[in-house]
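Please look over the chain shown below before reading on.

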Amino acid sequence: MNTCLRFALLLFCGLAGCALQAAELHVAVASNFAAPFEALRDEFERNSEHRLLVSLGSTGQLYAQIRHGAPFDVLLAADTATPAELTHNGQGVPGSGLTYAIGRLVLWSREPHLVDSEAALLSPSLSRLALANPRLAPYGAAALQTLQSLGLSEVLSPTFIQGQNISQAYQFVATGNAPMGFVALSQVIDPAAHASDELPTLAEGSGWIVPTPLHEPIRQDAIVLTHGADHPATPAFMRYLQSPAARDIIAAYGYDF
């Protein structure tokens, strides 16, 4: 029986209410999605007999680990290209992919009132600008595209301090190693406030939410990996990821759909 058919049978079993053994599902998660994933995991585990084990990293790092045999069952990437490439390489289950979120980028500083528009990038005192490595992290690529759209990539390139993933880029700013940087909105948003407000509210500091026309859409796809095709928890988690309850949590962290 091929991988795609096995996954389809598991999904049918889940929809039909078949008894599935409790199990631990290993999910590889792009760093930008760390905070919402924790909230999703808490709710999923409260309402399921299954448990989720998470590994965080840049999408590029996770891709390399999967290619070298890391035993992940599901990948929540920060792009669409990586899941597609894994499917092409035979390590992703065909037909299992879905877009679970569209990310937002923000220029952020821990200092109040320091950043309120793109004009902050023109400050003569800007000595360091944090961003994720564009070759490894889709949010880093979006940051570079934003600077190119603004005509500032070359003039600001000497100030770049690059993290291996968006979490490290955030840490550069949060610890004061860089006065500002491009991070994921989900890292700095106040999810409780955003649940009731139309406009995102930052948990601290100041920021400029980058208009989406300045970079390519950060479409984030999830895919079942071949290692997880026969896993009893896979269908339940993939269904949950598309549920209204999960989408409410994801939206509270500033993601679009």
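His 113 is exposed, with a relative accessible area of 77%, where buried means under 20% relative accessible area, exposed over 50% and partly exposed in between, using a 1.4 Å probe and protein chains only. This is a predicted model, in which local features need pLDDT of at least 70 and side-chain atom pairs count only at pLDDT 80 or more, while totals for chains, interfaces and linings use all residues. Residues are numbered from 1 along each chain as its sequence is written, and side-chain values use heavy atoms, with hydrogens and water left out.

**The chain as a whole**
- The chain holds 11 helices and 10 strands, which are DSSP runs numbered from the N terminus (helices are H or I with at least four residues, strands are E with at least two).
- Of its 257 residues, 51% count as buried.
- Among the contacts in the chain with a separation of 6 or more, 78% come from residues 24 or more positions apart, a contact being heavy atoms within 4.5 Å.

**The loop residue His 113**
- His 113 sits in the loop between strand E5 (105-109) and strand E6 (129-132), and its phi is positive, at about 70 degrees, although His 113 is not a glycine.

- Although Gln 91 and Arg 67 are 24 residues apart in sequence, their C-alpha atoms are 7.8 Å apart in space.
- Not counting residues up to four places away in sequence, Gln 91 touches Ile 66, Arg 67, Leu 86, Leu 225 and Thr 226, and a polar atom of the Gln 91 side chain lies 2.9 Å from the backbone oxygen of Ile 66.
- His 26 belongs to strand E1 (residues 24-30) and is buried, with a relative accessible area of 15%.
- The side chains of His 26 and Ser 55 make a polar contact at 2.7 Å; such a contact is a pair of N or O atoms within 3.5 Å, where within protein one must be able to donate a hydrogen and the other to accept it, and residues adjacent in sequence count only if both atoms are side-chain atoms.
- Ser 153, found in helix H6 (residues 153-156), is buried with a relative accessible area of 17%, and leaving aside neighbours within four places in sequence, Ser 153 is in contact with Leu 144, Leu 147, Gln 148 and Phe 160.

**Nonpolar cores**
- In soluble globular proteins, nonpolar side chains tend to be buried together.
- The largest nonpolar core has 67 residues, of which Val 27, Phe 33, Leu 76, Leu 107, Leu 121, Phe 182 and Phe 237 touch the most other members; a nonpolar core is a set of buried Ala, Val, Leu, Ile, Met, Phe, Trp, Tyr and Cys residues joined through side-chain atoms within 4.5 Å.
- Another core, of 10 residues, lies apart from the largest one, and its members include Ala 28, Ile 66, Ile 223 and Leu 225.

**A pair of packed helices**
- Helix H2 (residues 34-46) and helix H11 (residues 244-252) pack at an angle of about 155 degrees, with their axes 9 Å apart; axes are lines fitted to C-alpha atoms, for helices over the stretch in contact, and angles run from 0 to 180 degrees between N-to-C directions.
- H2 and H11 are therefore roughly antiparallel to each other, since angles over 145 degrees count as roughly antiparallel, under 35 as roughly parallel, 65 to 115 as roughly perpendicular and the rest as oblique.
- The contact is made by Pro 36, Ala 39, Leu 40 and Glu 43 of H2, together with Ala 245, Ala 246, Ile 249 and Ile 250 of H11.
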